[in-house]
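Please open the structure in a viewer and keep the sequence panel at hand.

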Amino acid sequence: MYDELVRRGDKFMLDVTSGPPQGGMIGNSLDKGAGYTPYFDHFGFSCGMEIVLGNGEVLRTGDGALDARELANWHTSKYSFGPILDGLFTQSNYGIVTRMGVWLLPRPPATRSFHFASPEDGDLAEVIELCRPLKMSNFVPTLFRVSNDLYLCGSEGESPEYRASDGKRSISDEGRRALRQKVGVGAWTVSGAFYGPSAAAIEPQIQRVRDHFGRSGKARYIAHDDAAHIPPLRVAINAFSGIPSLGELGLLKWRPGGGNIWFLPGTPMDGKVANEFQRICRNIYEQHGLDYTVMNVCGPRFARGLHVITFNREDEDERRRADACYREMSKTVAARGVFVGRAPLDYHDFHMAQTMPAFRDACSAIKRALDPNGVIAPGRYGIG
């Protein structure tokens, strides 16, 4: 889609993910995927679907439900007559979506990013408190990418300590500090961006953000032009610019074997809570001899915690530890009232079992109504 938009004059941009550029936009939207620009909510910025149900019927949603030959508003009018059915087909197995409208953002003439590096693990509380008012007021139009050191440095090559411990220990604090110095990032690095008619027009907004983060006395400012020469921050600039890239897939090289599990809980935009969760999850990673790797994608009230569990798929012990790490973190945060937003295939039944019985019963009843023979993706997202 990016290539086609460029071919047509680059007047519009899509919102991209941290996944591979070959990933499908409809599939990502239906799995409640998200990105980083003002159009970050991929399902929220979709409009109008066509679905083939398990019983063979074809359903259209929104204005597409109108029994007419011409459908002028199908992909522009999101809230039409009657119940909103679109959400039933996210993270479910009720039908196959064969068409979906996707809204695109007009490409702004200029995009300028800003970045702030904080030196200590415990600085996350202050970082979250600084980010929240800028998003609550919508002064900053993008989401904030609040990445820890290994999320950024881990895409640049294999862990320098993996071979010495045979993958059985987490990287040391000294090793992380050396990587931060080498790459030019912090224990936590905040990235965001502004859009405008020119770089000069955006500069006052950048200055206001610099003054705001300057209150901490710790955060080191990294300008757009400097960040463009730091590969993991270049990835952030591309994301804010709607340019898909392979950069974050470099995390698959952090340990040999290319194993990767994403753990995706969400936390409120409260610095104390965020710091508590990072201490808990960091400790669980370390107990399993794995390397704490996370990016918090921050909105005004809620942050998605993109935890990456990298492991050697060819090592049975590492596979076992990675699985145990995922399950322990899931149970630990659930006990504190936090659920995952998405889940790998292997954990659909595990997470569905964490829901209340009435929720499970409702999902099963809808399945029986729309796909009575259970033809479509049996068991997907734990729906029986």
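## First stop: strand E6 and its neighbours

Strand E6 is joined to strand E9 (residues 220–223) by 4 bridges, and the two run antiparallel. The model is a predicted one. Within this pairing, select Phe-116, which stands opposite Tyr-221 in E9.

Next, colour strand E6 (residues 110–118) by accessibility: 8 of its 9 residues are buried, so the strand is mostly covered. E6 also pairs with E8, in the antiparallel sense, over 9 bridges. To locate this pairing, select Ala-110, whose bridge partner in E8 is Gly-196.

In general, strands of a sheet pair through backbone hydrogen bonds, in either a parallel or an antiparallel manner.

Move to E7. How many of the residues of E7 are buried? The strand is mostly covered, with 5 of its 5 residues buried. Display the side chains: Phe-144, Val-146 and Asn-148 point one way from E7, while Arg-145 and Ser-147 point the other way, and all are buried.

Ser-147 stands opposite Met-295 in E11, and its bridge partner in E8 is Thr-189. E7 pairs with E11 in the antiparallel sense over 4 bridges, and 4 bridges likewise join E7 to E8, these strands also running antiparallel.

Further along the sheet, select E10 and E12, which run antiparallel and are joined by 8 bridges. Here Gly-259 stands opposite Phe-311 in E12.

## Aromatic rings

Show the rings of the aromatic residues. A search of the whole structure finds 13 aromatic pairs. Select Phe-114 and Phe-116: they form a tilted pair, 6.1 Å centre to centre, with 55 degrees between the planes. Phe-114 has 0% relative accessibility and therefore counts as buried. Phe-116 is also buried, because its relative accessible area is 3%, under the 20% limit.

Then select Phe-139 and Phe-194, an edge-to-face pair with 5.3 Å centre to centre and 70 degrees between the planes. This pair links distant parts of the chain: Phe-139 is in the loop between helix H3 (124–136) and strand E7 (144–148), Phe-194 is in strand E8 (residues 188–196), and the two are 55 residues apart. Why does Phe-139 count as buried? Its relative accessibility is 18%, and the buried class takes values under 20%. Phe-194 counts as buried at 0% relative accessibility.

## Charges over rings

The charged end of Arg-208 sits over the ring of Phe-139, 4.0 Å from its centre. For another such arrangement, select Arg-327, which lies over the face of Phe-350 at 5.1 Å from the ring centre.

## The largest cavity

Which residues lie nearest the centre of the largest cavity? Of the 17 residues that line it, these are Thr-267, Ala-274, Phe-277, Asn-296 and His-307. To trace the lining by element, select H3, strand E10 (259–268), helix H10 (271–287), strand E11 (294–298) and strand E12 (302–311), each of which supplies at least two residues.

## Last stop: the three-stranded sheet

Finally, select E3, E2 and E4. These 3 strands form an open sheet in the order E3-E2-E4, and the pairing is antiparallel. Strand E3 (58–60) and strand E4 (95–102) stand at the edges, each with a single partner strand, so one side of each has no neighbour in the sheet. The twist from one strand to the next averages 15 degrees. Strand E2 (residues 46–53) and E4 run antiparallel and are joined by 7 bridges.

How values were computed: Residues are numbered from 1 along each chain as its sequence is written. This is a predicted model: local features need pLDDT of at least 70, side-chain atom pairs count only at pLDDT 80 or more; totals for chains, interfaces and linings use all residues. Side-chain values use heavy atoms; hydrogens and water are left out. Rings of Phe, Tyr and Trp (its six-membered ring) pair if their centres lie within 6.5 Å; planes under 30 degrees apart count as stacked, over 60 as edge-to-face and the rest as tilted. Buried means under 20% relative accessible area, exposed over 50%, partly exposed in between (1.4 Å probe, protein chains only). A charge sits over a ring if NZ of Lys or CZ of Arg is within 6 Å of the ring centre and within 35 degrees of the ring normal. Two strands pair if DSSP finds at least two bridges between them. Axes are lines fitted to C-alpha atoms, for helices over the stretch in contact, and angles run from 0 to 180 degrees between N-to-C directions. On a 1 Å grid over the protein atoms alone, a cavity is a set of points where a 1.4 Å probe fits but cannot get out, and a pocket is an open set with protein on both sides within 12 Å along at least five of seven lines; lining residues have an atom within 4 Å of a point.
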